[in-house]
Amino acid sequence: MHDNKANRLRKEILIRTARAFFTEEPNDTLNRIPLQMRPKGGEASRCCIYKDRAVLKYRCMAALGFGVESETDELKPVSDYYEEALAREKPVEPLLTVIDVACSACVTTRYRATDACRGCLARSCESVCPKDAIEFYKGQARLNPEKCVNCGLCMKACPYHAIIRIPIPCEEACPVGAITKDENTGREVIDHEKCIYCGKCLRECPFAAITDLSQMVDVLNATRTGKAVAMLAPSIAGQLPGTLPQLFTALKQLGFSDVVEVAEGADKTALHEGAEWAEKIAEGERFMTTSCCPAYIESVDKHLPEMAPFVSDTPTPMAYTAADVREKNPAAITVFIGPCLAKRREAARNPDVDYVLTFEELGAMLVGAAIDVLECEETPITATAHREGRGFAASGGVTEAVKVVAPGNAALQPIQVDGIDWKTMVQMRTWATKSCPGNFVEVMSCAGGCLAGPGTISAPRVAKKQLNDLQEKSPSLQG
Amino acid sequence: MKKINVSICTGTTCYLMGGAHLLTFDEVLDPVTAEHVEISGAHCLGLCGSEAHGKAPFVKVDDHIIADATLMKVLDKVRDLMPEED
């Protein structure tokens, strides 16, 4: 995830919410968050501190798992939402939502002539414009928004680079056109029929107006039962300070009864997927794609039905891990902790997974409980996750793993989709309907893989290095 | 030559609030500045406990505390402290 002020603000809310949980007076602490973050006489980031506080209240609601649309009474305090969150038995339906008052309603006209316009004699902009949208005012070009169709020809034609394109960051980031403007308000609205939960809009919005609905409080509550089991995604490497054995201790201090690595489940996925691939190719299938990325699975369900027959049927690392935890301990409350928002969708369909947290939320819980990972003793890790399973965290990792385990791997012709965007969506459709240049396709919604996911804490380069170190110390499935 | 010490707090709070990204500080250094700097991760500097110090993440550049640190803020401080060219 990017490190910028918008993202730091989102994390501050999570920390303050988690911290409130551990105080004597959580209700009062929660109600005061907007006031503490925007005190009287302090600076405002919008028009005034009062609007800031209103937005902050919605952010607190999201941190408790409530969308703006669930608000029925504006006077209802944050503490009431908190009480409801503690009382609910199931996590909320996973959704990405727009905090409408936080959305700055970015301009719709995407091209604009700036002061750099010299009002030149050539007026190439005017001559290339197919819609007659260029007008001149006080000797400078202006684009008439009523006529402009956003073709961009004027921008290319101007020798002074005086015409600029102003993108709408969230719309630009969305690979499937799921976020668009409400015509009346100019604010963005997410179409849940189209949304694939990849989290790219959330990451790119400079106003942090897009949010997911957190299950953090549900999990904090669950840790008090002594039955919660943490399942750490392979991309945990480098996401928190300290070593993995130190983190295991930190999680136990937080109240998890047990901690398991999803990399073990990833080992199983690799073995099964390798065998499945060999079988399918032998049966004459053209190619097979991976199935572990839930944003990709959502994309197939909602936008690429042609691809469905080519998707591997192998359970995901999370599914294997959760099934294993359940089998050993049927009463366990299973909590997947990863970098991913779409995993919440996958979990909603899998009865073995109770909750999904992001690494950011886990970090906030540790901070809220005043646990410093670097100060923790190391808990010896008894289970063995292999190099290949750990590798699932980065792009190319699943391919590597399948190469190692697939029988007759000489025939493996791997190709990768390293990041789903509108271009790769078109490409994948062609592969499904016409021809595919490989016979094994690894699809990752996030460019770089899970370690670049929307719920990560670390810079991908730092995380990749730590992942490589961890992989080197782990045994290979090859033996 | 005495180097300028850049100590990036890797307590959980700082790490979460952006310290993890500050660990890429070496990437923003030009070769000349890099000569004068030594970068280290630090256990919790104990600054996040009180709001008086400002917000996490914290970085110490020699004895100077930088709150709400960004790569550019740290770089500016390092350049301030660099000796004049001889």
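**Figure 1. Helix α9 of chain A and its buried residues.** In this predicted model, A:M216, A:V217, A:D218, A:V219, A:L220, A:A222 and A:T223 of α9(A) are buried. Buried means under 20% relative accessible area, exposed means over 50%, and partly exposed lies in between (1.4 Å probe, protein chains only). Helix α9 covers residues 216-223, and because seven of its eight residues are buried, the helix is largely enclosed by the rest of the structure. Helices (H or I, at least four residues) and strands (E, at least two) are DSSP runs numbered from the N terminus. The model is predicted, so local features need pLDDT of at least 70 and side-chain atom pairs count only at pLDDT 80 or more, while totals for chains, interfaces and linings use all residues. Residues are numbered from 1 along each chain as its sequence is written, chains are lettered from A and ligands numbered from 1 in the order in which they are written, and side-chain values use heavy atoms, with hydrogens and water left out.

Figure 2. A:G238 sits in the loop between β9 (228-232) and α10 (244-254) of chain A. With a relative accessibility of 5%, A:G238 is buried. From A:G238 to A:S458 the C-alpha to C-alpha distance is 6.5 Å, although 220 residues separate the two in sequence. A:A266 belongs to helix α11 (residues 262-282) of chain A and is buried, at a relative accessible area of 0%. A:A266 and A:K464 are 198 residues apart in sequence, and their C-alpha atoms are 17 Å apart in space.

**Figure 3. The aromatic pair A:F21 and A:F22.** Over all chains, the whole structure holds three aromatic pairs. Rings of Phe, Tyr and Trp (its six-membered ring) pair if their centres lie within 6.5 Å; planes under 30 degrees apart count as stacked, over 60 as edge-to-face and the rest as tilted. The ring centres of A:F21 and A:F22 are 5.2 Å apart and the planes stand at 85 degrees, so this pair is edge-to-face. A:F21 is buried at 3% relative accessibility, whereas A:F22 is partly exposed at 36%.

Figure 4. Side chains of opposite charge can pair when their charged atoms come close. A salt bridge is a side-chain nitrogen of Lys or Arg within 4 Å of a carboxyl oxygen of Asp or Glu. The count over all chains is 33 salt bridges. In one of them, B:E51 meets A:R16, with the closest N and O atoms 3.8 Å apart. This pair crosses between chains: B:E51 is in the loop between β2 and β3 of chain B, and A:R16 is in helix α1 (residues 5-21) of chain A. B:E51 is exposed, with 67% relative accessibility, while A:R16 is buried, with a relative accessible area of 13%.

Figure 5. A:D28 and A:R32 form a salt bridge whose closest N and O atoms are 3.0 Å apart. The two are four residues apart in helix α2 (residues 26-37), which means that about one helical turn separates A:D28 from A:R32. A:D28 is partly exposed at 36% relative accessibility, as is A:R32 at 42%. In another salt bridge, A:K403 meets A:E400 at 3.6 Å, N to O. A:K403 and A:E400 are three residues apart in helix α17 (residues 397-405), and so are separated by about one helical turn. Both are partly exposed, A:K403 at 35% relative accessibility and A:E400 at 44%. A network of salt bridges links A:E93, A:E298, A:K302, A:R345 and A:R349.

**Figure 6. Backbone features in loops.** A cis peptide bond, with omega about 0 degrees, joins B:A56 and B:P57. B:P57 is in the loop between β2 (37-42) and β3 (59-61) of chain B. A:A105 is not a glycine, yet has a positive phi of about 55 degrees. The loop that holds A:A105 runs between β1 (96-98) and β2 (111-113) of chain A, and A:A105 is partly exposed at 27% relative accessibility. A:D132, also a residue other than glycine, has a positive phi near 60 degrees. A:D132 lies between α5 (124-128) and β3 (134-137) of chain A, in a loop.
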